[in-house]
Structure formats: C-alpha cells, structure tokens
Amino acid sequence: MTALRAGQVMSWDGSLWVNAEIGEAADQYDVTLYGATGDGTTDDRAAVQSALTAANASAAGGGTVFFPAGTYVLASAISLTSNIKLLLDHKAKLFLKNSSDSHVISIASGASRVAVVGGEIDGNKGNNAGGHGITVGAS
C-alpha cells in the first residue's frame with residue numbers, strides 16, 4: 001500500500017489509483033515522459049501541454065498530469081480543460097518565465113472537474129505584468 005501525503009485527493013483501491021474528483025480510474029501522464037525537464041532553465045511549456053493533450057485524448061477523456069520534483073519553467077500559460085488534475089510532487093514548482101506577461105495556468109471557460117494539487121505555482125509577478133498563478137474562464 002502506498003502512503004499519500006496530506007492534501008492529495010487520490011485513493012488506492014488495492015490495484016489502481018482512483019481519482020476522487022473525476023470518479024474514474026485515473027490515467028496518469030508524467031510530464032517528463034513528454035520531454036519536460038524540470039531543470040529550472042528549459043522552457044517546459046510545450047512538453048507539459050503535450051501531456052495535457054494526451055490526457056484529453058485518452059479514452060477516459062482526461063486524467064492526472066503528474067509533475068515529479070523539479071522547477072518547470074513556462075514561457076506562457078498551460079491550458080486546462082475538463083476532467084484534468086495537475087498533481088505536483090511536494091517539491092515541484094511551476095514557474096512563469098521572466099517577461100511572459102501571462103498566467104501559469106489558464107482554465108478554459110466552462111471547464112469542470114479540474115484540480116490542482118500539491119507543489120508550488122509561481123507567477124513570478126515581480127518580472128511579469130500578468131504574472132498571476134491561475135486564471136479561470138479563459139477561452
């Protein structure tokens with residue numbers, strides 16, 4: 001049995017992870033398998049968005065996009081649609097690149113059953129006019 005950290009909203013039924021928000025077996029997409037480095041320098045946005053696209057295209061129509069420990073630099077916002085959970089390791093950080101003037105996460109208008117759990121979201125407000133962590137209702 002795998003122990004969960006406080007704040008995680010996944011449960012273990014003995015054979016698979018069950019996503020408590022989505023209520024279905026949770027397909028998990030590790031961003032590093034899509035090319036994200038989490039090295040604090042490389043722009044990981046395209047790789048992260050690829051993992052989100054794969055989750056959306058799955059038979060379940062969503063899933064959990066997992067970020068292992070690291071700092072994931074984003075040149076612009078990643079876009080979330082319905083049935084997506086971002087699960088960040090407690091040592092994972094999403095960081096908006098300098099002069100991006102964007103958000104870290106943009107949740108689509110009308111999206112439902114979206115969750116962001118764990119880690120840190122840094123909009124780097126001191127170096128970005130936008131620099132907000134999450135915006136909801138973006139198209």
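## Ser58 and its surroundings

The side chain of Ser58 reaches the backbone oxygen of Gly62 at 3.2 Å, where a polar contact is a pair of N or O atoms within 3.5 Å; within protein, one atom must be able to donate a hydrogen and the other to accept it, and residues adjacent in sequence count only if both atoms are side-chain atoms. Ser58 is placed in the loop between helix 1 (45–57) and strand 5 (63–67); helices (H or I, at least four residues) and strands (E, at least two) are DSSP runs numbered from the N terminus. With residues up to four places away in sequence left out, Ser58 touches Asp27 and Tyr29, contact meaning heavy atoms within 4.5 Å. Ser58 counts as buried because its relative accessibility is 15%; buried means under 20% relative accessible area, exposed over 50%, and partly exposed in between (1.4 Å probe, protein chains only).

The model is predicted: local features need pLDDT of at least 70 and side-chain atom pairs count only at pLDDT 80 or more, whereas totals for chains, interfaces and linings use all residues. Residues are numbered from 1 along each chain as its sequence is written, and side-chain values use heavy atoms, with hydrogens and water left out.

## Overall architecture

The protein has one helix and 11 strands, and along the sequence these follow the pattern β-β-β-β-α-β-β-β-β-β-β-β. Of its 139 residues, 40% are buried. Among contacts with a separation of 6 or more, 65% are between residues 24 or more positions apart. The accessible surface comes to about 6,600 Å², and 50% of this surface belongs to carbon and sulfur atoms; such areas come from the Shrake-Rupley method with a 1.4 Å probe, and for residues only the protein chains shown count as cover.

## Strand 5 and its partners

Strand 5 is mostly covered, with four of its five residues buried. Strand 3 (residues 28–30) runs parallel to strand 5 and is joined to it by three bridges; two strands pair if DSSP finds at least two bridges between them. In this pairing, Tyr29 stands opposite Val65. Strand 5 also pairs with strand 8 in the parallel sense, over five bridges, and here Thr64 stands opposite Lys85.

## The nonpolar core

The largest nonpolar core has 23 residues, of which Val65, Phe67, Leu86 and Leu94 touch the most other members. Helix 1, strand 5, strand 6 (70–74), strand 7 (78–80), strand 8 (84–96) and strand 9 (103–108) each supply at least two residues of this core, and the largest share, six residues, comes from strand 8. A nonpolar core is a set of buried Ala, Val, Leu, Ile, Met, Phe, Trp, Tyr and Cys residues joined through side-chain atoms within 4.5 Å. In soluble globular proteins, nonpolar side chains tend to be buried together.

Beyond four places in sequence, Leu86 touches Leu52, Val65, Phe67, Ile78, Leu80, Ile105, Ala115, Val116 and Val117. The structure holds one aromatic pair. The pair is edge-to-face because the planes of the Phe67 and Tyr72 rings lie at 75 degrees, with the ring centres 5.3 Å apart; rings of Phe, Tyr and Trp (its six-membered ring) pair if their centres lie within 6.5 Å, and planes under 30 degrees apart count as stacked, over 60 as edge-to-face and the rest as tilted. Phe67 is buried at 0% relative accessibility, and Tyr72 is buried at 1%.

Ala77 lies in the loop between strand 6 and strand 7 and is buried, with a relative accessible area of 12%. Ala77 and Ser102 are 25 residues apart in sequence, and their C-alpha atoms are 6.1 Å apart. Apart from neighbours within four places in sequence, Ala77 is in contact with Arg45, Gln49, Ser102, His103, Val104, Ile105 and Ser106. In the loop between strand 7 and strand 8 is Asn83, a residue other than glycine whose phi is positive, near 65 degrees. Asn83 counts as buried at 17% relative accessibility.

The loop between strand 9 and strand 10 (114–122) contains Ala111, which is partly exposed at 26% relative accessibility. Leaving aside neighbours within four places in sequence, Ala111 is in contact with Leu80, Thr81 and Ser82. Ala111 and Ile84 are 27 residues apart in sequence and 9.3 Å apart from C-alpha to C-alpha. Arg113 is also found in the loop between strand 9 and strand 10; Arg113 has a positive phi of about 55 degrees although it is not a glycine, and it is partly exposed, with a relative accessible area of 41%.
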